[in-house]
Amino acid sequence: MIEIKDVTKKFKDQTVLDGVTLTCPTGEITGIIGHNGSGKSVLFKCICGLLYADSGEIRVDGQEMKRGGKMIQDAGVIIENPSFLENETGFKNLDYLYCIAHKRDKEQVRQVLKKVGLDPELKKKVKNYSLGMKQRLAIAQAIMEDPHILILDEPMNGLDSHGVDDMRAVFMQEKQKNKTILIASHNKDDIDLLCDHVYQMENGKLQKIR
């Protein structure tokens, strides 16, 4: 579970998060809709421990995300533009990360790539991938180690209608594994179709709409 209570974050004189309170239950998908610049990405970074709130409290599975603490554990994350080894294949990118986690199951890497609609045998370098292919690879990277938590900022970015349908199915499959899933999007259709709880963020304020 993700629990956020009265969180505020400022950059100089600009208030980016203004008293945000949110609970994301396990086994459900929580969605946040909002325009670019509304504060969604900053909130996600605070949840992950990449930024720290100026006030308020963020707890992930009981662990408080605070300055000097650890970053989020057992989580698959997409925030802004994911980084890849551009001169390697998609398979190599995932395989390297899998090895860093002391795992060696190449078949698992292949299966994850297939799950998101990428060919594990494709020899094309990531620098030559389309935006949609890179987004599929980012989703594969997020779900690869079967984390308990998924935090996905604009996960449909760059996908065509077929790709959107594919990834919606993937996220619903992940939900069935009793995961905590938080998704942000500017596309209301994605949020309405996928999410059990829906919030809107505007000017750093969060309001529940469903």
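Me: Which residues of H2 and H4 meet, and what makes that a contact?
Reply: Gly90, Leu94 and Leu97 in H2 meet Leu137, Ala140 and Gln141 in H4, where contact means heavy atoms within 4.5 Å. By class, this H2–H4 contact has four nonpolar, two polar and no charged residues (nonpolar is Ala, Val, Leu, Ile, Met, Phe, Trp, Tyr, Cys and Pro; charged is Asp, Glu, Lys and Arg; the others, Gly among them, are polar). The model is predicted, so local features need pLDDT of at least 70 and side-chain atom pairs 80 or more, while totals for chains, interfaces and linings use all residues. Numbering runs from 1 along each chain as its sequence is written, and side-chain values use heavy atoms, with hydrogens and water left out.

Me: Why is H2 called roughly parallel to H4?
Reply: H2 (residues 90–100) and H4 (residues 131–143) pack at about 20°, with axes 11 Å apart. That angle makes H2 roughly parallel to H4 (under 35 degrees is roughly parallel, over 145 roughly antiparallel, 65 to 115 roughly perpendicular, the rest oblique). The crossing of H2 and H4 is right-handed.

Me: And why is H2 oblique to H3?
Reply: The axes of H2 and H3 (residues 106–115) come within 10 Å and cross at roughly 130°. That makes H2 oblique to H3. H2 passes H3 in a right-handed crossing too. On the H2 side the contact includes Phe91, Asp95 and Tyr98; on the H3 side, Lys106, Arg110 and Leu113 are among the residues involved. By class, the H2–H3 contact has six nonpolar, two polar and three charged residues.

Me: What makes E6 and E10 edge strands?
Reply: The open sheet has six strands in the order E6-E7-E8-E3-E9-E10, with mixed pairing. E6 (75–78) and E10 (205–208) each have a single partner strand, so one side of each has no neighbour in the sheet. From one strand to the next, the twist averages 15°.

Me: How do you know that E9 and E10 pair?
Reply: Pairing takes at least two DSSP bridges between the strands. E9 (residues 197–202) and E10 have four, in the antiparallel sense. Methionine 201 stands opposite leucine 206 in E10.

Me: Where does H4 lie relative to the sheet strands?
Reply: H4 lies across E6 and E7 (149–153), running at about 160° to E6.

Me: How do you know that the radius of gyration agrees with a compact globule?
Reply: The rule is 2.2 Å times the number of residues to the power 0.38, over C-alpha atoms. For 210 residues that puts a compact globule near 17 Å, and the protein chain has 17 Å, so the two agree. Along the principal axes, the C-alpha atoms fill a box of roughly 50 × 35 × 35 Å.

Conventions. Axes fitted to C-alpha atoms, helices over the stretch in contact; angles between N-to-C directions. Helix = DSSP H or I, 4+ residues; strand = E, 2+ residues; numbered from the N terminus. Left-handed = near helix turned anticlockwise from the far one by under 90°.
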